[in-house]
Amino acid sequence: MTKKELHIDKEQLLNSNRKYFDSCILIAQRLFKEELYEDCINYIEKTASFGWFNFSGYYKSEHLETLLTKIQKKIFPLSSQPKKKEKTNKILHICSEIYTSGGHSKLIYSWITNDKLKKHTILSTRLSVDEIAAISKFHLPDFNDLEHLSVKSPSKIESIKLLNQLPLNEYDVILLHIHPNETITSIVLSQEAITTPVCFINHADHVFWLGTSISDVVLQIRESNISIDAERRGIPKERQLFLPIPVMSSININEKPTIDHNNTINILSTGTAYKYKPNEQYNFLREAYKTIEENPEVIFNIVGINPDSSYAQEYQHKRIIYHGIVSSSDLAELEKKTDIYVEGFPMASFTALLQTALRKIPFILHYKPLPLFKLFSENKEYCIRYPEDLQEWRQTLNKLIREKKYREEIAQKQYNYILNNFSIEVWKSRKTELYHSLAKKSHRIWQSTSDKYYNGDNEKLLVTIDKRQFQHYSFTERMSLIGKFLVYKISRHKNININYFSKKQLLKYFFNK
């Protein structure tokens, strides 16, 4: 099969990625056998990165988890950590990197903001103390009682030793906000001497990640993901907890909405432009166009798609308004006059939906979504339901448009559901319950279940979302000739996401030590 055909055939691409991922495990094991531990750690990180960005049908890896634990025993053969004597009210947040934007970073600072009775420390494996402090200043300009630590180093083993030098058992809880390819935490926290319970915040719940063997509790931001991860990552439901994205709203729910005396119905949908990109099953703008053609009183506002984009140009209409990227204040003004919120497809934007629901704006969810894009578990009592097909979606949306009483009833029920499950008050209550349960727990290492390969519709979509190029021979340059021959042998089965050596580079690779 040619490279072009692999790009088109999702099942073949998924299978090719699986074969390459499996071969990488063999190379990582060989690096360990040759006692090249620094290279082995880097190679495991590279393999995890490949599985993250070039989806390979796996959500976790028993072999890589086991290998990381074996490396820990080589680095710390006589590992020990001082035992905690009493409760300290100290929380350690470990991240790979954090940023001034993005939900993953905001989640850390939201936790700190709404948990002021605890003493919080943010530790990064990849940023300096100054870099972390600057980002904290951006998110929490008036919050001074925050400690910053870093174990960043050119050497993975040095970073591991720096992290291990900290009194990890002095903390009441260790919270992992790490990237899917993080290796340092898996190595350090796989020590039996560590007793502080470890919670993994699953902010990248749809992709491959490392950390299943060191996570005492996996905190899910989507309730629907609990049963999915019990199956695909082998994490029992009793080791998972639904701790949703906390929605903090300064909205006065009793504020008067913008009144439209022309009986106009304003619809809003919000999302990053790529999330609306149509495929063979979903075409959001086509449905928006049909909706306004059938309902002359409707204005359809779409935030995130630029009006000059080719997709927008294809579906031009005076009552479809493409706003592009807008400021928070401009979005708030749009929300004030919104009558109905429509979740985008094929990819949904969860936070935008929650924000509008807290304004008592009724919403219609994505029809027949893949598990990847389901925020809720269905609840008919509160009108939280995903339409089974496009026809049902159209019927529901038209009913919301044409029947004011129905809109009001749906809005109230959905508002109650969001308030009862996603408000900051609910988050605080569940966080308190989490702390209470963790006070009775001690950290342990969990045996990974056997890996399962998935190649359903969910995975075929994942394999198209992101693609990254990787160097095949990186971190193997110090191997023995037998090891290098294994690496070369594997390279004969080409993967489109991998860069391979030329003949001249191969000669240098084999004969330079």
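The centres of domain 1 and domain 3, taken over C-alpha atoms, are separated by 40 Å. The structure is a predicted model, in which local features need pLDDT of at least 70 and side-chain atom pairs count only at pLDDT 80 or more, while totals for chains, interfaces and linings use all residues. Residues are numbered from 1 along each chain as its sequence is written, and side-chain values use heavy atoms, with hydrogens and water left out.

The protein chain is divided into domain 1 (10–58 + 453–511), domain 2 (91–247 + 431–439) and domain 3 (265–422). These bounds come from an automatic or database domain assignment.

Domain 1 brings six residues to its contact with domain 3, and domain 3 brings seven residues; contact here means heavy atoms within 4.5 Å. The size of an interface is often given as the accessible area lost when the parts come together. Between domain 1 and domain 3 about 510 Å² is buried, 72% of it on carbon and sulfur atoms. Buried area is the accessible area (1.4 Å probe) that two parts lose on being put together, summed over both. On the side of domain 1, the residues that lose the most area to domain 3 are Asn458, Leu461 and Ile465, together 72% of what that side buries.

One salt bridge is counted between domain 1 and domain 3. The term stands for a side-chain nitrogen of Lys or Arg within 4 Å of a carboxyl oxygen of Asp or Glu. Lysine 10 and glutamate 280 form a salt bridge, with their closest N and O atoms 3.1 Å apart. Helix 17 (residues 457–465) gives the most to the side of domain 1 that touches domain 3, with five residues. Helices (H or I, at least four residues) and strands (E, at least two) are DSSP runs, numbered from the N terminus. That side of domain 1 divides into three nonpolar, one polar and two charged residues. In this grouping Ala, Val, Leu, Ile, Met, Phe, Trp, Tyr, Cys and Pro count as nonpolar, Asp, Glu, Lys and Arg as charged, and the others, Gly among them, as polar.

Five strands form an open sheet in the order 10-9-8-11-12, with parallel pairing. Two strands pair if DSSP finds at least two bridges between them. Strand 10 (320–324) and strand 12 (363–364) are the edge strands, each pairing on one side only. Strand 8 (residues 265–270) pairs with strand 11 (residues 340–342) in the parallel sense over two bridges, and leucine 268 stands opposite tyrosine 341 in strand 11.

Some backbone angles deserve a look. Most residues other than glycine have a negative phi, and most peptide bonds are trans. The peptide bond from phenylalanine 345 to proline 346 is cis, with omega near 15°; proline 346 sits in the loop between strand 11 and helix 13 (350–357). Lysine 368, not a glycine, has a positive phi of about 40°, and lies in the loop between strand 12 and helix 14 (390–402). Cysteine 383 is found in the loop between strand 12 and helix 14, and has a positive phi of about 60°.

Over the whole structure, a search finds 22 salt bridges.
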